[in-house]
Amino acid sequence: MATLTNPTKIRELQRALYRRAKENRSFRFYALYDKVYRKDMLEHAYALVKAKRGAPGPDGVTFEEIEQNGRDGLLEELHEALKTKQYKPDAVRRVYIPKASGGERPLGIPNIRDRVVQMAAKLVLEPIFEADFEEDSYGFRPKKDAHQALDAVEESLHEGMWWVLDADITAYFDTIPHDRLMKTVAERVVDGSMLRLIKAFLEAPIIDDRDGGGPRRNREGTPQGGVISPLLANIYLHLVDRNFRGQVERGALSGRLVRYADDLVMLAPRPPTIERQWLETLLKRLGLTLHPTKTRIVNAEEEQFDFLGHTLRWTYVHRVKGHELYFDICKKSQQRIRDELKRRTKHTALSLEQVVSGLNTYIRGARQYFRRVVARRKTKLDYFVYGRVARWWRHKHKLARPAWWLARDRALWTTHGLERWYHPSNRSEPAR
């Protein structure tokens, strides 16, 4: 998806919407719905959704089937249904993925046709709300990423904000109240047809095999997995960002709030007790709650804390006579990584080349995300991968012991092309 550039006419529309929103903070947009069913908008939305791939929804229709039957037929059908206001989203398929901390995370998978419409709506709405979002909101936004959020945390620590409120919002995506979310959207959008379309996305029935397979009405939350869900989630939590900025400007609160979707930390030069009380009160008004045991206040000089899959350690370093921030992979993410590496070294019917290829695809992506992590952790992951491949070879060939010889003379890496988590030649990586 990142390689697809918005066509010129769509970019021009987005720029115009962004400029209008930026120039007038109180302007409310009243003619948006007709932009959603523009044929060029639907065509580009389909291309973006296809680039992300993803599993089929409840109807089981795949991209291959759509292409075989003719993509243009689907787009024409959606254009007419939206234009005549006959479009209605189908049910969303709910699946569960395991969480490293235990339990499961529900994901909602709409049908491809509904993902296309959601993407078209997102292309129209996003520039309007982008004009409002705060600088320290980094999740699921154009030209923003997790490492910029980590940079903001590091910058704040260097500015003396060593006290951290490590906050966790309980089941955020599943508990957003629809009525309050719609009121928040309506602060900028008064186009009734567009509001009805967003509401239809939110209220699309859910099919959950664990409930017997029958569709049931969705009364709250915006399902993770939906194309437009991250934008709607950001719109609602923008109320927290905006209110915090206002409180800081008035001198009632102090510090910096860094947020990536529903993952947030608040950094302050003193214990943020008042800030925590304020956040709990505001979230309660929004129909949300802080997790009582996962939310905590820490002194970063004395304790480490987790953010965006990383464990952050603010450590005094004698050689520089000052503090430096060290990054590790948090325990939950370590478990998730190990589980994925185990999954990719489980099938004995594959060849060594196929196993290495599958591992490389995963390692390259995960290594890029955790590129700032200390070398010690990456070295341990290299040993873990090596052990998994050695044991995979034993099971494949029914040997008595693991094939440790695979690592002799670095054969796995030099001969068979296995990617490494840690490259000793890269001196920019911290050794600790």
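Residues are numbered from 1 along each chain as its sequence is written, and side-chain values use heavy atoms, with hydrogens and water left out. As this is a predicted model, local features need pLDDT of at least 70 and side-chain atom pairs count only at pLDDT 80 or more, while totals for chains, interfaces and linings use all residues.

**Exercise 1.** Work out what span α11 should have, and where α11 kinks.

*Solution.* Start with the helix itself: helices are DSSP runs (H or I, at least four residues), numbered from the N terminus, and α11 covers 229-250. Finally, step just past α11, where G251 has a positive phi of about 85°.

**Exercise 2.** Find which residue pairs with R113 in a salt bridge, and say whether each partner is buried or partly exposed.

*Solution.* Apply the rule first: a side-chain nitrogen of Lys or Arg within 4 Å of a carboxyl oxygen of Asp or Glu. R113 pairs with E77, with the closest N and O atoms 3.9 Å apart. R113 sits in α6 and E77 in α5, so the pair ties together parts 36 residues apart in sequence. Now check accessibility (buried is under 20% relative accessible area, exposed over 50%, partly exposed in between; 1.4 Å probe, protein chains only). R113 is buried at 15%, whereas E77 is partly exposed at 45%.

Notes:
Helix = DSSP H or I, 4+ residues; strand = E, 2+ residues; numbered from the N terminus. Expected span 1.5 Å × (residues − 1). Bend = angle between axes of the 7 residues up to and from the residue.
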